[in-house]
Amino acid sequence: MKNIAVLTTGGDAPGMNPAIRSVVRFGILKGLKVYGVMRGWQGLINEELKELGHHSVSGIISQGGTMLKTGRCPEFSKREYQERAFNTLKKYSIEGMIVIGGNGSFTAAHNFGTTYNVPCIGIPASIDNDINGIDLTIGSDTAINTALDAIDNIRDTATSMERIFVIEVMGRDSGFIALSVALAGGCEDVIIPELKPNWERICEDIVQGNIRGKVSWIIVVAEGAGSAGQIAKKITEKTSLETRPVVLGHVQRGGRPTAFSRDLALRLGESAVLALLEGKKDLAVGLCCGRISEVKFEEAIKKKEIKAEYWYNLIKSLT
C-alpha cells in the first residue's frame with residue numbers, strides 16, 4: 001500500500017484535527033502518501049483532494065473542528081455518486097481510506113467499502129458517543145466538559161435568583177451528554193429520548209422541594225426529548241414557579257479538545273494507519289476497557305445501549 005486518503009464526515013467533534021495530524025504524520029513515517037479529502041463524501045465525489053505533508057498539519061493539535069471541513073452528504077447513498085467517488089480513488093491510486101466520524105459515517109464507509117472492495121478503517125469521532133462496542137469516542141469528553149462549564153455557571157445564577165432552569169444539550173437520538181452532565185453537575189433531573197418523562201412526578205418534586213426551602217432547580221434535557229422552551233413553559237404552568245430555558249446548542253461541538261480527546265485521537269490515528277498496512281478493512285479502531293480494540297463496522301453501527309435507567313436513578317438518588 002502506497003497511497004491512502006483521510007476524510008472527516010458528518011457532524012464535527014473536538015479532536016478530529018489531532019486525529020488527522022496523527023494519520024498524516026504516522027502515515028508519512030511509514031512511507032505512505034496521504035491525501036486529505038475536503039468536505040467529506042462530497043469532496044470525494046467532486047475530486048476535492050490534496051496531498052498532506054508533515055507541515056500541512058502543524059498547529060492543529062489544539063484546534064477544534066476539522067481542517068478538512070465536514071458535512072452531511074445524503075446523495076452518497078445513491079450508486080451513481082458512489083461510482084464517482086470510486087473513480088476519484090482510482091484516479092489518485094488510493095488503496096485505502098481512513099474515515100473519521102460517527103455512526104452515519106461508518107454506515108456509509110461500510111456500504112461503500114464492501115461494494116467497491118475499498119479497505120476502510122474508521123476512527124470514531126462523535127460528541128454523542130454513539131459507536132457500539134467502544135467506551136468513548138473522540139470529542140465526547142470535550143463536549144461534556146463544555147456543557148458542564150455552562151451548567152456550573154448557570155447554577156450560580158439559579159441559586160442567586162432562586163429560579164428553575166431547563167438546560168437543553170445536544171443529543172438527537174441519545175441521552176449520553178445529558179446524563180453525563182446532569183450527574184457531574186449535580187442537577188436535579190434529566191429528560192432523555194430513552195426514557196419517557198413522568199411530568200407529574202417532575203413537577204411534584206419541584207413543588208415539594210420549594211416547600212422544603214430549595215430555591216433553585218436545574219433540569220437537563222437532550223434535544224431529542226423536547227425543547228427547553230416548551231418544557232419550561234409546561235413546568236411554569238403546572239407549578240406556578242418561574243422557569244427559564246437555556247439552549248446550549250452548537251457551542252458543545254467547538255472549542256479546544258481536552259487532553260483526553262487529543263490523546264485518544266492521536267492513538268487511534270496511529271492504530272488506523274497500522275490496520276490498513278496490515279491489510280485489515282471494514283472496521284473501526286476504538287477504546288474498549290482501557291485498550292485500543294477493533295470493532296467490525298457491522299457491529300459498530302448497531303444502536304448503543306447506555307443503561308439509561310441506571311444513570312437516571314443514580315442522578316435522582318443524589319439530589
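Which residues in α6 meet which residues in α11? On the α6 side they are Leu-179, Ser-180, Ala-182 and Leu-183, and on the α11 side Ala-308, Trp-311, Tyr-312, Leu-314 and Ile-315, where contact means heavy atoms within 4.5 Å. By class, 8 of the residues in this contact of α6 with α11 are nonpolar, 1 is polar and none is charged (Ala, Val, Leu, Ile, Met, Phe, Trp, Tyr, Cys and Pro count as nonpolar, Asp, Glu, Lys and Arg as charged, the others, Gly among them, as polar).

The model is predicted: local features need pLDDT of at least 70 and side-chain atom pairs pLDDT 80 or more, while totals for chains, interfaces and linings use all residues. Residues are numbered from 1 along each chain as its sequence is written, and side-chain values use heavy atoms, without hydrogens and water.

Helix α6 covers residues 176–184 and helix α11 residues 308–317; they pack at an angle of about 25°, with their axes 10 Å apart. Axes are lines fitted to C-alpha atoms, for helices over the stretch in contact, and angles run from 0 to 180 degrees between N-to-C directions. The angle therefore makes α6 roughly parallel to α11 (under 35 degrees).

Values for the protein chain follow.

| Property | Value |
|---|---|
| Box of the C-alpha atoms along the principal axes | roughly 70 × 35 × 35 Å |
| Buried residues (under 20% relative accessible area, 1.4 Å probe, protein chains only) | 51% of 319 residues |
| Contacts joining residues at least 24 apart, among those at least 6 apart in sequence | 76% |

Key
Helix = DSSP H or I, 4+ residues; strand = E, 2+ residues; numbered from the N terminus. Parallel < 35°, antiparallel > 145°, perpendicular 65-115°, else oblique. Buried < 20%, exposed > 50% of the residue type's maximum accessible area, 1.4 Å probe, protein only.
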